[in-house]
Amino acid sequence: MKLAVPTETRPGERRVALVPDVVKKLVATGWEVVVQTGAGTEAAFSDAAYTSAGATIAPDAAATHAGAGLVVGVNAPDAQGAALVPPGAVVLSFFQAAQSAEALRALAGRGVTVFSFDLLPRISRAQGMDALSSQATVSGYRAGLTAAEHLAKFFPMFMTAAGTVPPAKVLVMGVGVAGLQSIATARRLGAVVKAYDVRAAAKEEAESLGATFLDLGVSAEGTGGYARELSEEELGRQRAALASEVGASDVVITTAAVPGRAAPILVTEEMVDGMAEGAVVVDMAADSGGNCALTKAGEVVDHHGVHIVGMANPPSGMPTHASFLYARNVANVLGLMGAEGALAPDWDDEIVAGMCVLRDGKPVAPVAVEVLGGPNQGAAP
């Protein structure tokens, strides 16, 4: 089966879905891999490296897609890319159906099957396929570095002949994979770190990395390792309890997300007003609306001397290792669905079924059913 790796079309995207090391292994198991020229350049993977790994380099997107049985990307294709996917083929990527409605309709009309890493079940057996976690690791690391870059102070304590410089005080909101990596990075840089999460289970993990966990009396344990959405009453109590902690912090890093919904506002404008001039808010949820009321995705907002950094597509800022990790996740999914150069998904497998957005053009995931207007929309099987 031909496996196509097109160049990403999302503005600012620097990652690539497969790296040469993984391509070499896939070719050895029977896959015919075709990579669009320049697809890996931004991630420091040359066309020559792909050729050496056994891939064929295609001159453009049309040639890359032609005859492909499987198209692998980081993001969902745009409308033009969706129109190039051969009828009946399979697409594997991060595919947020609600944000990619036009592409979803085009793929449904072509009888395409779509699998999305966004829908991967959070179970032990799927850990090696969990691209959300692998990319969150990159995002969390970058958030810590971004905070240190924008803060006009040292992160570690310094004892000098001119006097002692106290360490920076960092508050991390949301102790998932990204939050834990933010904690670890800030601690490595010498900051004093506090952490908060509505999931009580996060306490032990945060403390294991040297952070002090804040218990504000608001718990929202959800399913699949995620937090559930808070009620307005719970959000009010949470914000009131967080206000003093935010005001006392040099840096606030926010990572909170609810799958399929806009990011919850954790840091209000009033909280930012209570921060000292020169303080920094790094908002990792900027792409889904932001955890700070003042966040603008991809911009640094100066609000009375407090800088709010809206991190857009954080993993793309470290594309080499982000691509390396993502490609390993892709290879593990392909190993589950067909290790000998062809796809033979077991539809009774909860991972296969859980990741499916479209099956032969028919919407399967609830969000796809909603976007397409019903389970009977799409191509005929």
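## Helix packing

Axes are lines fitted to C-alpha atoms, for helices over the stretch in contact, and angles run from 0 to 180 degrees between N-to-C directions. Helices (H or I, at least four residues) and strands (E, at least two) are DSSP runs, numbered from the N terminus. The model is predicted: local features need pLDDT of at least 70, side-chain atom pairs count only at pLDDT 80 or more, and totals for chains, interfaces and linings use all residues. Residues are numbered from 1 along each chain as its sequence is written, and side-chain values use heavy atoms, with hydrogens and water left out.

Helix α6 (residues 131-150) and helix α11 (residues 319-337) have axes that come within 9 Å and cross at roughly 170°. The two helices α6 and α11 are therefore roughly antiparallel (angles over 145 degrees; under 35 is roughly parallel, 65 to 115 roughly perpendicular, the rest oblique).

## Residues in the helix contact

In α6, Ala131, Ser134, Gln135 and Val138 meet Ala322, Leu325, Tyr326 and Asn329 of α11; contact means heavy atoms within 4.5 Å. By class, this contact of α6 with α11 has five nonpolar, three polar and no charged residues. Ala, Val, Leu, Ile, Met, Phe, Trp, Tyr, Cys and Pro count as nonpolar, Asp, Glu, Lys and Arg as charged, and the others, Gly among them, as polar.

## Positive phi

Most residues other than glycine have a negative phi. Ala44, in the loop between β2 (32-36) and α2 (47-52), has a positive phi near 75°. Ala44 counts as exposed at 61% relative accessibility (buried is under 20% relative accessible area, exposed over 50%, partly exposed in between; 1.4 Å probe, protein chains only).

Asp360 lies in the loop between β16 (356-359) and β17 (362-363), and its phi is positive, near 55°. With a relative accessible area of 33%, Asp360 is partly exposed.
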